[in-house]
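Q: I would like to learn how to read a protein structure with two chains. Could we go through it together, feature by feature?

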Amino acid sequence: MIEAVSVTKKFGDFTAIENLSLTVPKGSIYGLVGYNGAGKTTLLKTVAGVYRPEGGKVLIDGEPVFENEKKKQRLFYVPDDIYFKPYTTMRKMAAFYKGYYPNFSYDTFEKVTSLFGLDPTKRINGFSKGMQRQAEVVLAMSTMPDTLLLDESFDGLDPQKRTVVKELLYDYMRQKDVAILISSHNLHELQDLCDYVGLINGKRIVLNGSVKDLSKGKAKYRLVFDRPVTEQDFLSIPHKRLNIDGSIVTLMALGQPEDAYARLKEMSPLLIEETVLTLEEIFLDEMEAEGHEAKKIFG
Amino acid sequence: MKQKRSSANPFTHTFAESIRSTNFIVGLIILLGAGFVMVMSILYTITYKQVITNPVTGVQEGVQTAKDMFVYYLFDDNSYAGTFLCGALILGGIVMGMSCFRFITSKKTVNVYYSLGIKREKLFLANYLSGALLIVVAVVLAVMAPVLLNLIYIGSSIELWTAALYYMMAFATVGLFAYTVTAAVASSVGTVFEGGIFSVIISFLPTFVLSSAQMLMDRLVWGSPFGKNFFERLNEFNYDSPSLATHFSYFTPLTAFLDALKGIAFREKTVDEEKAAEKAVEIFELGLKEYIAVFAWLAVVVGVFFLAMYLFKRRKAEISGFIGTNRVLNNLGIMVVSLFAFSVLFSKLPLSTYVALAFAMLGVIIVFLILDAVLRRSLREFRKDLIFLPGHLVVTGLIFVIFSTGLFGYSTRVPEPETVKSASVSLVSVNGIVGEFYSYSSNVLANPVTSEMLSGFTSEKDIKLVRELHTKIAGLGADPSDDMWKFSSDADSKRLRSRVQFTYYLKNGKAVRRSFKDVTADALADMLKIYESDRIRQLVDEALSPDADLTKNEKARALRSEGSIFRAVPGDVTYIARLNLNEQQRNDLLEALRLDLSEQTYKERYFPEKSPIGLISVLNVGEPGFGGKPIYDVNIPSKPDIDIGNDEEPEIPASDEPWDIIDNAPTFETMESVYGGIDFVITEDMERTVKFLKDNNMFDAFKGTEKKYTSVNIVSLERSHTFQPHMLRYENDFSYYVSARATSKPKESQDAFYYNPLDNQQTYTVTDQETIKALKELSYFSYYSKGTGYAVEFKASDDTSQLLYIPASKMPAALATAVRSLDESLTQDFRP
């Protein structure tokens, strides 16, 4: 479990994050979102033990992580700006990490490398950006960490590889009961992956919770009518984001999903379909409730 | 596939990774570079074979090799190879440090290394040890290269291995020092660029500081002895030159071990037992002091190591890749470089003190602005840093003030007489017996220069005299003006190009040295008082006494050599005569000279009321071919070729007359030491000598010849471009004593070109016979000029000329005014 407790990190006079707290339980994936420069990387580096916080603390399984050899030998940090030794190959990097991670598994290394279709004997500086990211993920998984930190790790990956990575992470998390913290500026990337999400804005976490809890009391429906309908027809149903396109209507119904469904059914639509709320929709809704302007955050 | 599990040992792994990386290549370069220099320095000598041939028969008798000549030959430091090598090792250590700790200067690498499961302390230690090991191995192997050559060509010996071990220790210490400093610097800054710059500055910090101090002392500290050549003849070729850097060589990594390394670079074999005993005194042996120096510096390395580790642990990852994050190092680096620049500018600019100070301060500002801009790369930060500029100027100003006070009177302190065992002082002139000297043919008058200190002042009277002279000169203070290069209305207080030095050998074994540059004419004249000292009297006595030890005293030997010729030169330098002395007469003459010189005052000698009667010049012609028979193996100093008048073959015919002229149209460029003899200026106060000459009918030899003069050319010494002290080659060489010259046209061809000393001068010419006669009466054969006075060239109708001297106080006012007008029309400033 990762716990950030009132963490503050400053760079000279500039405060990057302030009194920031979050928890990533074991066996879960936490998505950290925010605009560019919000403090995601700063937080990840602080959790990884690269930065020493000016205030607060970071605990992993109850122990402070900074300068904690044992904890860090079970933690892997995949930075946004990845590093490989000059003119090295994946095999050599594997040998490099093997020296620092007692659980390093060559078996896993070979399998995941094969999964991505990478040549471990070829120089990494000859790989494309996307391939380098894959290589880094391979190495990360090979260290068999209990805690995995990924910073913008989907950048440069094609949609197919993204899916592979997501599946890999999900499977690994389930099998090994690890805590994974992923940062991204793109909510779509974290769709269907994260159990928890947190939004950094203004140096703090402004929104934090499980996806399930955040989507509680909200449901999204698509309806098809055989007649034109207007907003007036929906006044009796608590809703948001009503969109009428001729006879097709989409809306977010508030309150208990069963009640909402029953009320919509009473309107005798030809078709009534419940769809999954996207993370973006959840966040937009929450941000409005908090009084934050979504445009300012998501540009 | 079977699961491979890792048995991680991060410390060992980090160490191994570091060794295997580019650090290894750096180590290899150090090894190859140092090894190459060491091997090349000895290769020729150690592989040399000299065929030994019998000089009589011409038969080859054997081959001499390095094995025959040396016990070992490890290094040859004749061309500063040792200094170069130490400097290269410092730079090598810095490069190794930057290579080993480069990983903390990049954001990318820091992300990886700081997130790994290894404490920072261990991370530092593993990387540090890898670089240190590579340096030590490189140094050891580099030294083993010449050791191997020694084993092949000379053989093994305890001396070889002892020397080799010391070389390894010294070189390794130098390299490790620079390496550890770099580790500390790298732990404090964000980029490799800064790391390199600050590492160089700190590693060479003592050199920067000492050089700056030396330059400031040269200009500001009156009497500073550092960096001056003290021409004390400790042995024939040993000139003591304690520069500040030499004095504090143990505090500078570049020079801490150089003396020892040079001392043990090689050891010659001496077959002859007697010579071995002599050589044994000169052999440099490694002693406790040398080993303490190594261990002291290693202790410094250890101290810096712990500092570096502390800084590394405290280092913030966020500074990686950012320049200018360490304000302390920024300011320190800028301060050191700007102070150095200040010192260079201030000491080298040919301007008066306060003008030079202004320009040097401007230099500080420029250096500050440029360096800060380079080190910050941010206009905002650069503007913020301007707040430190006044601080830099204040610190520089304070340093200037401290040096201006003479380091709080350090240089003007004179040791108490009861603490002094003996003293040495500069000779400001010569007197025949005392002082080696030489002269320049381009000088207007014969202007023998001297660059010697005389030691052995031990009596209470002498020490008192030396202290008085020293105190007077110390009280002058440094002269901020540049009036030395202009006409002066006050000749006595004008500064003259000179260097006067004092050395006190104290009873506690220490030596106190003071060196004063460009003292006043009056002070220089005062220095002539040493010719009345017990020491000078002693030297005169030792050379002229009938009981002189001819086996030890060169001059005594030359004076009493059977082949010595006593020449007489009259005061008007119109000819050279020879005094035909028998042995008794010679002894009587020498005795008369001894007694007269023992009582003569310096004023009688250098400021006589009347022109000296002339010169007795004793030439020792004891070499085969000149008819003389040397009594002993006389070592005569190098002399110009013997030229007895106009390139004719030297002939010294025998004569029964008390004296005869051997050259009635002499040309000589020096008066004293004419033909390299031992010269005695004969003045009227030397009653016994004059009496001897008269009693032996030799006095007329000094009468001279009446000549018909067609003109007299006058030039003031102050303006004369060939007299000016700046024409002298070294600042130690100076003398304001002048004596006459003579020239004449070569006899073999009256049309041949010959050079008169004043030919290239613009002179004031007098043709009026009455004036010429009056000037002749006022002229001196020799005098101590104090940088003033006039060279007067009397041109005779027989194509000879005699160049004499008139003191400034004796020149008729009208002529003095006329010459000064000419001088001022030609130049106002004699600056070179």
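This is a predicted model: local features need pLDDT of at least 70, side-chain atom pairs count only at pLDDT 80 or more; totals for chains, interfaces and linings use all residues.

Q: How many residues does the contact take from chain B and from chain A?
A: Contact means heavy atoms within 4.5 Å, and here the contact takes 31 residues from chain B and 36 residues from chain A. Residues are numbered from 1 along each chain as its sequence is written, chains are lettered from A in the order in which they are written, and side-chain values use heavy atoms, with hydrogens and water left out.

Q: What is the area buried between chain B and chain A?
A: Buried area is the accessible area (1.4 Å probe) that two parts lose on being put together, summed over both. Between chain B and chain A it is about 3100 Å², and carbon and sulfur atoms give 51% of that area.

Q: How many salt bridges are counted between chain B and chain A?
A: A salt bridge is a side-chain nitrogen of Lys or Arg within 4 Å of a carboxyl oxygen of Asp or Glu, and the count between chain B and chain A is five. One salt bridge joins the side chains of Glu54(A) and Lys316(B), at 3.5 Å from N to O.

Q: Is Asp596(B) buried or exposed?
A: Buried means under 20% relative accessible area, exposed over 50%, and partly exposed in between (1.4 Å probe, protein chains only). Asp596(B) is buried, with a relative accessible area of 5%, whereas Arg688(B), with 31%, is partly exposed.

Q: Where do Lys691(B) and Asp695(B) lie?
A: Both lie in helix α25 of chain B, four residues apart, which is about one turn of the helix, and their side chains meet in a salt bridge of 2.8 Å from N to O.

Notes: Helices (H or I, at least four residues) and strands (E, at least two) are DSSP runs, numbered from the N terminus.
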